[in-house]
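Me: Please take a close look at one residue here. Is it buried or exposed? Then go on to its surroundings, a helix pair and the cores.

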Amino acid sequence: CKLKMAAQAQNHTVTSSGSPSLRDKQINAVKRMLNLNNPLPKSQASNAPLWKVLIYDKFGQDIISPLLSVKELRDQGVTLHLLIAAEREPIQDSPAVYFIQPTVDNIRCVCRDMKNQLYHSYYFNFLSPISRNLLEDLAKGALDASVAGQVTKVYDQYLNFISLEDDLFIARHEEREAVSYYALNTPDVKDTDIQYVRDMLVDSLFAMLATAGTIPVIRCPRGNAAEMIAESLDKKLRDNLRDSRNNVFTGENVTFSQLSLHRPLLVILDRGIDLATPMHHTWTYQALAHDVLDLTLNRVQVTTEGEVGGEAGRVPLAKQKTYDLSPKDIFWKKHKGSPFPNVADSIQSELEEYKQSEEEVSKLKVAMGVSEEDDPEVVQGSLADNTAKLTSAVSSLPELLEKKKRIDTHTNIAMAILEHIKSRKLDTFFEMEEKLLTKATVDKSAYLDLVKDPLAGSPEDKMRLFAIYYILAEISDADVQDFMSALESCGADLKPFQYLKSWKAFTKMAGAPRAKLLGSSTTSSSMTGVFTKLMSTGSKFVMEGVKNLVIRSQNLPVTRIVEQLAEHRSSKETEDYRYFDPKMLKSTDSSIPKSKTPFQEIIVFIVGGGNYIEYQNLQDYSKRAQPQKKILYGTSDMISADEFLHQLSRLGERFP
């Protein structure tokens, strides 16, 4: 059987300020795979694509979905994209590109496809390296089906991670329960389960580093899942570097950052270092979309109101509409980390600009009609001038229509978020929690009154507020009972508190420093004037009743730890963090860095679930740093506040 096995070669330029992002590199790798693992043509027009069928499993679908649209897949010659587990009709004149996990079930499906002669030829691409046993099963299936000559290529792609933004990736979305905070902390977790999580996350991190083409220095705390993953990743990198035949970090795959003194720093942390931030009510656009609209894999669903029926009677109808929010959306890219009122203001400004452009086109059309009394020379000059302007306006029409579509998208999303803010008083929850996070003086009665307020928030909102209060503030047993009574009265699930009580007692007993949430805090520019504009006549965003909050620039626990490690600052919090350098001959148990040069490129990975609040906080820090740093945020999966609260509730059932 002519099976060719090769590690995916990455052909990228030298790392610099204008270098391709991890997401760009993954897109190029996927496009090269769709080009049958041949180098990509320099221009799309230079070569007509070879039409093909793309077969993926759920994991492959999750990877490709945020990277390439249906139109972009068509541009790469993909006529159909189908799940491997679905029933599929034969297309015997078309090659099939498979993009799947190397699992027993998938190999069985592949062998069945070959037996049924579904396709003309087969190109197998595995998200991570296929084992020898499964490779032999694949070869046997090809021989039994008499299609050995049609199996053209078998590739290990090292693409087993999901790029959501240029500086954000997750390990997986499908079957994410297996890598959740709950799965890692439930009392009856088995050693085999922990090893599975370790191997899966190490596989994703290795794939990410192979795609990026870089070998980092690794730091992690001791005594938790992060240390276990760091040890295993260090070993895997060492083994690969010393394997001359299968080293994925050689030749064109090596980037400047690996060869230079300024290699990246990889900080692996456990979710348990900070349980408050995942439950925090936020005030920025992307984090709000994740919290209240369930932003998933760069897609968000919004319920829009419409009507159906004839003239006799119109009936209200709610419609679910899905929007893609990718880095290609220039408004999203610019404003995703902005405070929500600023976003609403920017949408209104763009809408006014669009209306102005639309009016200019209309005026030009009117100007083309000229009165008979006009002087012929004036008429001719006017026509020539206006024709040129109209031609220019018409040529910009596609851009204008795209802008209108973008405005409509963000108007609908922002209106849906605003509805949640108003109905649940999310601005008040955010303001109260910010006081806790910044260690401001807090009045217990104000928090208790908010929990008791029947018009404020959902029971989950109130439990989130109390959970943050309990984690960060000093609270007596009597005060806890007051909150418990109020939460029970409003119908809140009290089980998250059961877990937090055990967690807090354990951290005190173990002597672990509880996350003092914030370091230095500086007030950024106030949003004065924003609401005045938003409430002007004709604005779609009526912000009345929503507070004009001042946004503060402050380091959350993860950001504070990253800053200390990147700058080699001495701190009790990080002094015992382990140090791994996969390029050193021998692995050591040291906590002492070999170099004191500050790191400019940093990769942060959170085991047990991340969130957009942490992601944005790291990006804000990277821009404030002098010189600016490049930070890539990764996590086992992005979890919303309600999802995290549910995990704590399930853990609370296991703790009396």
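Reply: His173 is buried, because its relative accessible area is 19% and the cut-off for buried is under 20%. This is a predicted model, so that value is computed from predicted coordinates. His173 sits in a loop. β8 (168-170) lies on one side of that loop and α6 (181-185) on the other. Leaving out residues up to four places away in sequence, His173 touches Asp62, Ile162, Thr296, Leu297 and Asp637.

Now the helix pair. The axes of α16 (residues 444-452) and α17 (residues 459-472) come within 9 Å. They cross at roughly 160°. That angle is over 145, so α16 runs roughly antiparallel to α17. The crossing of α16 past α17 is left-handed. On the α16 side, the contact uses Lys444, Tyr447, Leu450, Val451 and Lys452. Lys462, Leu465 and Tyr469 supply the α17 side. By class, the α16 contact with α17 has 5 nonpolar and 3 charged residues, with no polar ones.

Next, the cores. The largest nonpolar core has 75 residues. Leu34, Leu54, Phe99, Ile413, Ile417, Ile602 and Val604 touch the most other members. A second, separate core holds 40 residues. Leu275, Met432, Tyr447 and Leu645 are among them.

Back in the largest core, consider Leu34. Leu34 touches Lys52, Leu54, Leu68, Leu73, Gln76, Val78 and Val97, again not counting residues up to four places away in sequence.

Technical notes:
Residues are numbered from 1 along each chain as its sequence is written. This is a predicted model: local features need pLDDT of at least 70, side-chain atom pairs count only at pLDDT 80 or more; totals for chains, interfaces and linings use all residues. Side-chain values use heavy atoms; hydrogens and water are left out. A nonpolar core is a set of buried Ala, Val, Leu, Ile, Met, Phe, Trp, Tyr and Cys residues joined through side-chain atoms within 4.5 Å. Buried means under 20% relative accessible area, exposed over 50%, partly exposed in between (1.4 Å probe, protein chains only). Contact means heavy atoms within 4.5 Å. Axes are lines fitted to C-alpha atoms, for helices over the stretch in contact, and angles run from 0 to 180 degrees between N-to-C directions. Helices (H or I, at least four residues) and strands (E, at least two) are DSSP runs, numbered from the N terminus. Angles under 35 degrees count as roughly parallel, over 145 as roughly antiparallel, 65 to 115 as roughly perpendicular and the rest as oblique. A crossing is left-handed if the near helix is turned anticlockwise from the far one by less than a right angle, and right-handed if clockwise. Ala, Val, Leu, Ile, Met, Phe, Trp, Tyr, Cys and Pro count as nonpolar, Asp, Glu, Lys and Arg as charged, and the others, Gly among them, as polar.
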